[in-house]
Amino acid sequence: TGAIGLYNVGQSCCLNSLLQVFLMNIHFTGILRRITVPLCAAQKKKNVPYQMLLLLEEMQCGKRKAVSPIDLACCLSVYRVKLFVQYDAAQLFLTLWNLIKKQMKKPELVEELSYLYTICVQEHLACQKCSFETKRNSSMLTLPLSVLDSNSHMLKTLEDCLQYFFHPEELSDHNMCFCEQCGRKTPFLQSMKLVRLPQTLTIHLKRFCFEKSAYIHKLSHYLPFPQDLDFNAVLTEDQCQAAENEKAAWQYELFAVVAHSGSSSCGHYCAYIRSLTECKWYCFNDSEVCQVLWDDVKRTYGHSNLHWGETAYLLVYMKKHPQ
């Protein structure tokens with residue numbers, strides 16, 4: 001089935017969950033299989049894409065229920081990704097992705113990897129006193145969605161979080177910006193418009209917040225997310241800056257959920273992944289892998305009375321009809 005577990009080699013549940021999401025993605029492994037293999041043994045030990053490829057082959061060739069990612073973990077330790085450390089899955093995802101991209105030697109593979117994961121947006125700043133406006137294109141690897149609005153009220157659905165992320169924000173009072181046309185600080189309207197969405201879209205639900213005491217608090221309230229997500233039905237015309245053929249491909253299906261249980265200071269990660277070859281859901285909990293139903297995945301929606309309960313932290317969607 002390809003559903004092979006990874007042994008926990010030292011608080012590596014976060015790493016294991018992310019590796020499973022990478023390696024169960026046939027679009028990613030299609031790129032990984034075409035990397036340039038390092039020449040000498042020392043380079044092989046320090047090359048993250050190559051060590052990921054070896055791990056993938058071990059997972060696919062063996063008949064064991066789980067394999068050890070220790071060689072890859074040792075490789076990552078060279079780049080300060082240590083074992084026996086509690087990692088944040090969103091931060092570790094960015095670290096892993098950047099290491100993979102940096103160490104892929106073929107420019108065409110770097111370009112394919114970027115195209116597979118990168119979100120393109122256009123940032124707008126408009127003066128409220130005159131017509132002066134600035135635009136800047138930028139890219140990101142995840143959509144970091146707040147689960148609270150500006151008044152700290154809980155947002156009710158993933159669609160609400162997306163609308164809030166792209167909703168214009170007024171910069172006034174101490175947040176005013178200097179306007180070149182007015183020659184002074186004025187209120188501005190800040191907004192972000194969506195330009196391009198990738199084949200593999202990673203959404204980061206910001207379920208942690210700082211309280212006044214500087215204590216990081218986990219937000220466990222109920223937040224449903226759909227199996228099918230159409231950005232054209234969620235965002236308005238004003239929130240998009242894309243061609244019609246680009247927007248036509250903005251229909252997604254849920255591929256994976258990286259879930260966190262525990263508190264902000266200590267906890268555990270596992271991954272729910274839909275096999276792209278079988279269209280079945282699996283739960284990858286370190287070395288334990290089992291087939292699950294959509295109702296099991298829905299348990300990661302969260303519950304306000306279960307602060308230590310399992311909640312979705314990263315959502316990975318796949319384009320239904322890639323261009």
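I take a polar contact to be a pair of N or O atoms within 3.5 Å. The model is predicted, and I keep that in mind throughout.

**Entry 1: Lys218 and its polar partners.** I looked up what the side chain of Lys218 reaches. It comes to the backbone oxygen of Gly262 at 3.3 Å. I also found a polar contact of 3.3 Å between the side chains of Lys218 and Thr311.

**Entry 2: where Lys218 sits.** I placed Lys218 in strand E12, which covers residues 216-218. Is Lys218 buried or exposed? I find Lys218 buried. I then looked for a salt bridge and found none for Lys218. Glu310 is the nearest side chain of opposite charge, and it lies 8.8 Å away. A salt bridge needs the two atoms within 4 Å.

**Entry 3: the neighbours.** I set aside residues within four places of Lys218 in sequence.

**Entry 4: the whole chain.** I stepped back to the chain and noted 11 helices and 18 strands. The C-alpha trace spans about 65 × 50 × 40 Å along its principal axes. Why call the chain compact? A compact globule of 323 residues would have a radius of gyration near 20 Å, and the chain agrees because it has 21 Å.

**Entry 5: burial and contacts.** I noted that 48% of the 323 residues are buried. The accessible surface is about 16000 Å², with 52% belonging to carbon and sulfur atoms. Of contacts between residues at least 6 apart in sequence, 66% join residues at least 24 apart.

Technical notes: Residues numbered from 1 in each chain as written. Predicted model: local features only at pLDDT ≥ 70, side-chain atom pairs only at ≥ 80, totals over all residues. Heavy atoms only, no water. Helix = DSSP H or I, 4+ residues; strand = E, 2+ residues; numbered from the N terminus. Buried < 20%, exposed > 50% of the residue type's maximum accessible area, 1.4 Å probe, protein only. Lys, Arg positive; Asp, Glu negative; His and termini not counted. Polar contact = N/O pair within 3.5 Å; in protein donor to acceptor, adjacent residues only side chain to side chain. Contact = heavy atoms within 4.5 Å. Rg over C-alpha atoms; globule rule 2.2 N^0.38 Å. Areas by Shrake-Rupley, 256 points an atom, 1.4 Å probe, with all protein chains shown as cover.
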